[in-house]
Amino acid sequence: MAKTVIPLNELRTSLAIPAARPAGAAGLADTRGRGLRDLRISVTDRCNFRCVYCMPKEVFDADYPYLPHDEVLTFEEIVRIARAFNAAGGIQKVRLTGGEPLLRRDIERLVRLLREALPGVDLTLTTNGSALKAKARALKAAGLDRITVSLDSLEDATFRAMNDADFPVAKVLEAIDAAAAAGLAPVKVNMVVKRGLNDHQVVDMARHFRGTGHVVRYIEYMDVGSTNGWRMDDVIPSAEVIRRIHERFPLEPVGARYPGEVAKRWRYADGGGEIGVISSVTRAFCSTCTRARLSTDGQVYTCLFAQRGYDLKALVRGGAADEALLDAIRGIWQDRSDRYSEVRTAETAASRKVEMSFIGG
Ligand code: SAM
C-alpha cells in the first residue's frame with residue numbers, strides 16, 4: 001500500500017460551532033429527529049497493534065504524527081465534557097476507546113472519575129485485550145460495567161496477519177477469562193470479518209464462544225479513515241455470516257433490547273447463547289444512530305465517517321463557562337444531518353476521513 005501521511009493540520013480545521021436553539025418537546029434532537037444517547041471517548045490515538053483494517057503499519061510507522069501530549073485531553077477535561085454531554089442530551093452509555101485505551105496511563109482513574117460524575121450511565125470500554133489481564137480487577141473496582149475485547153481469529157497465524165503485532169491469541173483468551181472473573185461478564189468479543197483474511201474463522205469463533213456466556217459480534221469490514229485501502233469486495237455481508245453459522249448451529253433472531261440497538265442479535269436454538277452482527281455497510285443504521293464521538297484532542301464528531309469535527313477543547317481551555325459548553329453541544333447536535341452509511345458510494349469510501357484510532361472506534 002502506498003504510504004499516505006494524513007495532514008493533521010487539515011483534519012484539525014474545525015467546523016464553526018452552530019448556535020443552540022431551544023430543545024423541542026421530545027428533548028434534544030438532530031435534524032433527523034435522532035436523540036443524543038451515547039458518547040464514545042477516544043482516550044489515546046496510539047495503539048500497540050497495527051490492525052491492517054485500522055492502523056496499517058505502512059502508515060502508522062515511527063514517523064506518524066501522533067498527537068503531542070499537550071493536545072491530548074486531560075482526565076479532568078474529559079469528565080467535564082462528558083458531564084456537559086449528559087446535561088445536554090441525557091447520555092445513557094459511555095464507551096472508552098481509542099487507539100488502545102488501556103495504553104493510557106492510570107485509565108482506572110478516568111473510569112472512577114466518570115463513574116462518580118455519571119453514576120447512572122452504562123460505562124464500557126473496548127480493548128484489544130493485550131493489557132487487560134493485569135487491569136481487569138482494577139477497572140471493575142473503579143466502576144466499569146462491561147468490556148468489549150477485539151479478537152479476529154483463534155489461529156495465531158491469522159490473528160497476526162490481521163493485527164500485525166505478533167500477539168498470541170492465547171493471551172487475549174486469558175484476558176477475556178480474567179475480565180469475566182473480575183465481574184465484567186458477559187464479555188463482548190468483536191470480530192471484524194474481512195474476506196479472504198479471516199472469514200474462514202467465522203464458525204470456529206462461534207463454536208469456541210458458544211456456551212461461555214460471552215457474545216461474539218461479527219462486524220462488517222468498514223471504510224473508516226483513509227488508510228486501510230477498503231474495497232466492497234472485501235466485505236462479508238452479515239447475512240452471509242449468519243447463513244454460515246446457522247448451517248452448523250441453528251440460529252433464531254432475538255428482538256432489540258432498545259430502539260436503535262446497533263448489533264442485530266441472534267441466539268442459538270439449542271440455548272448455547274447469543275451472537276450479534278453489526279452491518280454498517282449492508283444495512284446502514286444511520287436513521288437510529290444516537291452516538292457522538294469525542295476525539296483524543298477534544299473534537300466532537302457526529303459520525304464515524306466524518307471529515308471534520310467541532311473543537312470543544314478550545315472552548316474548555318479558553319475558559320468557557322459550563323453553560324457555554326452545554327450550548328455548544330446542543331448546537332452541534334441540533335445541526336447534525338449526517339447519514340454516511342446510507343449514502344455510501346465508491347467515491348465517498350475513497351474520500352479522506354478521520355482515522356478511527358483518533359476518533360474512537
Ligand atoms: N484498540 C481497541 C480495540 O482493538 O478494540 C479499541 C479501538 S478499535 C478502533 C475499536 C473497534 O473497531 C475494534 O473492535 C476494531 O476491530 C474495530 N475496527 C477498527 N477498524 C475497523 C474497520 N475498518 N471495520 C470494522 N471495524 C473496525
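**Figure 1. Ser357 in a predicted model, a buried residue of helix H12.** Ser357 counts as buried because its relative accessibility is 3%, under the 20% limit for that class. The residue belongs to helix H12, which covers residues 356-359. Leaving out residues up to four places away in sequence, Ser357 touches Ser42, Thr44, Asp45, Met55, Phe60, Gly98, Gly99 and Thr296. The whole model is predicted.

Figure 2. For Tyr53, a backbone N or O atom lies 3.0 Å from a nitrogen atom of the ligand. For Gly99, the distance from a backbone N or O atom to a nitrogen atom of the ligand is 2.9 Å. Gly99 is also one of the residues touched by Ser357. On the oxygen side, a polar backbone atom of Thr127 is 3.4 Å from an oxygen atom of the ligand.

**Figure 3. The largest pocket and its lining.** The largest pocket holds about 520 Å³ of space. Its lining is made of 26 residues, of which Asp38, Tyr258, Pro259, Gly260 and Glu261 are the closest to the centre. Which strands each supply at least two residues of this lining? They are strand E1, residues 38-42, and strand E2, residues 93-97. By class, the lining of the largest pocket divides into 13 charged, seven nonpolar and six polar residues.

**Figure 4. The second largest pocket and its lining.** About 420 Å³ of space lies in the second largest pocket. Of the 18 residues that line the second largest pocket, Val43, His69, Val72, Arg104 and Arg105 are the closest to its centre. The lining of this pocket has seven charged, seven nonpolar and four polar residues.

**Figure 5. Ser238 in helix H8.** Helix H8 spans residues 238-248, and Ser238 has its place there. Is Ser238 buried or exposed? With a relative accessible area of 5%, Ser238 is buried, since a residue under 20% is put in that class. Apart from its neighbours within four places in sequence, Ser238 is in contact with Glu220, Val277, Ile278, Ser279 and Thr282.

Figure 6. Arg231 is placed in the loop between strand E6, residues 215-220, and helix H8. The relative accessibility of Arg231 is 46%, so this residue counts as partly exposed; that class lies between 20% and 50%. Arg231 and Leu304 are 73 residues apart along the chain, and their C-alpha atoms are separated by 18 Å.

**Figure 7. Thr348 in helix H11.** Thr348 is found in helix H11, which runs over residues 346-350. A relative accessible area of 25% makes Thr348 partly exposed. Residues touched by Thr348, not counting those up to four places away in sequence, are Tyr340, Val343 and Lys353. How many residues separate Thr348 and Tyr310 in sequence? They are 38 residues apart in sequence, and the distance in space is 21 Å from C-alpha to C-alpha.

Conventions: Residues are numbered from 1 along each chain as its sequence is written. This is a predicted model: local features need pLDDT of at least 70, side-chain atom pairs count only at pLDDT 80 or more; totals for chains, interfaces and linings use all residues. Side-chain values use heavy atoms; hydrogens and water are left out. On a 1 Å grid over the protein atoms alone, a cavity is a set of points where a 1.4 Å probe fits but cannot get out, and a pocket is an open set with protein on both sides within 12 Å along at least five of seven lines; lining residues have an atom within 4 Å of a point. Grid points are joined across faces, edges and corners, and a volume is the space filled by probe spheres set on the points. Helices (H or I, at least four residues) and strands (E, at least two) are DSSP runs, numbered from the N terminus. Ala, Val, Leu, Ile, Met, Phe, Trp, Tyr, Cys and Pro count as nonpolar, Asp, Glu, Lys and Arg as charged, and the others, Gly among them, as polar. Buried means under 20% relative accessible area, exposed over 50%, partly exposed in between (1.4 Å probe, protein chains only). Contact means heavy atoms within 4.5 Å. A polar contact is a pair of N or O atoms within 3.5 Å; within protein, one must be able to donate a hydrogen and the other to accept it, and residues adjacent in sequence count only if both atoms are side-chain atoms.
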